[in-house]
Amino acid sequence: DLEMFLPASWQYILYGMEFKTNLGPMQAMYPRIDEARREFETIRAVGAHAANDLPDHRALVEQICAHGLKGKSAALRCDAAVG
């Protein structure tokens, strides 16, 4: 009851460390696990494709500075970001 670090927080840390979950003993509780795996693979592929379409950080900052920001304060922020 006094735990400040919730179980979901531990899960995020473990998954961030690429911890593999073993659902073997409980697999019967998840009848659509294969469908979920295929869906997650599709999401990974679409995400990788979308990431390849994005500009790198430097190009994005330069584009924002050239076209996306208005006014003197924006120019100052861009000088600091690009410089």
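A salt bridge is here a side-chain nitrogen of Lys or Arg within 4 Å of a carboxyl oxygen of Asp or Glu, and the side chains of R32 and E35 meet in one, at 2.8 Å from N to O. The model is a predicted one, in which local features need pLDDT of at least 70 and side-chain atom pairs count only at pLDDT 80 or more, while totals for chains, interfaces and linings use all residues. Residues are numbered from 1 along each chain as its sequence is written, and side-chain values use heavy atoms, with hydrogens and water left out.

The overall fold can be taken before the details. The protein has four helices and zero strands, and along the sequence the pattern reads α-α-α-α; helices (H or I, at least four residues) and strands (E, at least two) are DSSP runs, numbered from the N terminus. Of the 83 residues, 5% count as buried, where buried means under 20% relative accessible area, exposed means over 50% and partly exposed lies in between, with a 1.4 Å probe and protein chains only. The protein exposes about 7700 Å², of which carbon and sulfur atoms supply 62%; such areas come from the Shrake-Rupley method with a 1.4 Å probe, and for residues only the protein chains shown count as cover.

Helix α1 covers residues 7–16 and holds W10, a residue that also takes part in a nonpolar surface patch of about 430 Å² together with F5, I13 and M17. A patch of this kind is made of residues with over 30% relative accessible area and no salt bridge, nonpolar side chains (Val, Leu, Ile, Met, Phe, Trp, Tyr) being joined within 5 Å and like charges within 9 Å. F5 has a relative accessibility of 34% and so counts as partly exposed, and W10, at 47%, is partly exposed as well. The structure holds one aromatic pair. This pair is formed by F5 and W10, whose rings are edge-to-face, 4.6 Å centre to centre with 80 degrees between the planes. Rings of Phe, Tyr and Trp (its six-membered ring) pair if their centres lie within 6.5 Å, and planes under 30 degrees apart count as stacked, over 60 as edge-to-face and the rest as tilted.

Beyond α1, in the loop between α1 and α2, lies E18. The phi angle of E18 is near 60 degrees, a positive value in a residue other than glycine, and E18 is exposed, with a relative accessible area of 62%.

A search of the whole structure finds three salt bridges. Side chains of opposite charge can pair when their charged atoms come close.

Where does the largest share of the lining of the largest pocket come from? Helix α2, residues 33–53, supplies that share with six residues. The lining consists of Y15, T21, L23, Y30, I33, A36, R37, F40, I43 and R44, and the volume of this pocket is about 370 Å³. On a 1 Å grid over the protein atoms alone, a pocket is an open set of points where a 1.4 Å probe fits, with protein on both sides within 12 Å along at least five of seven lines, and lining residues have an atom within 4 Å of a point. Grid points are joined across faces, edges and corners, and the volume is the space filled by probe spheres set on the points.
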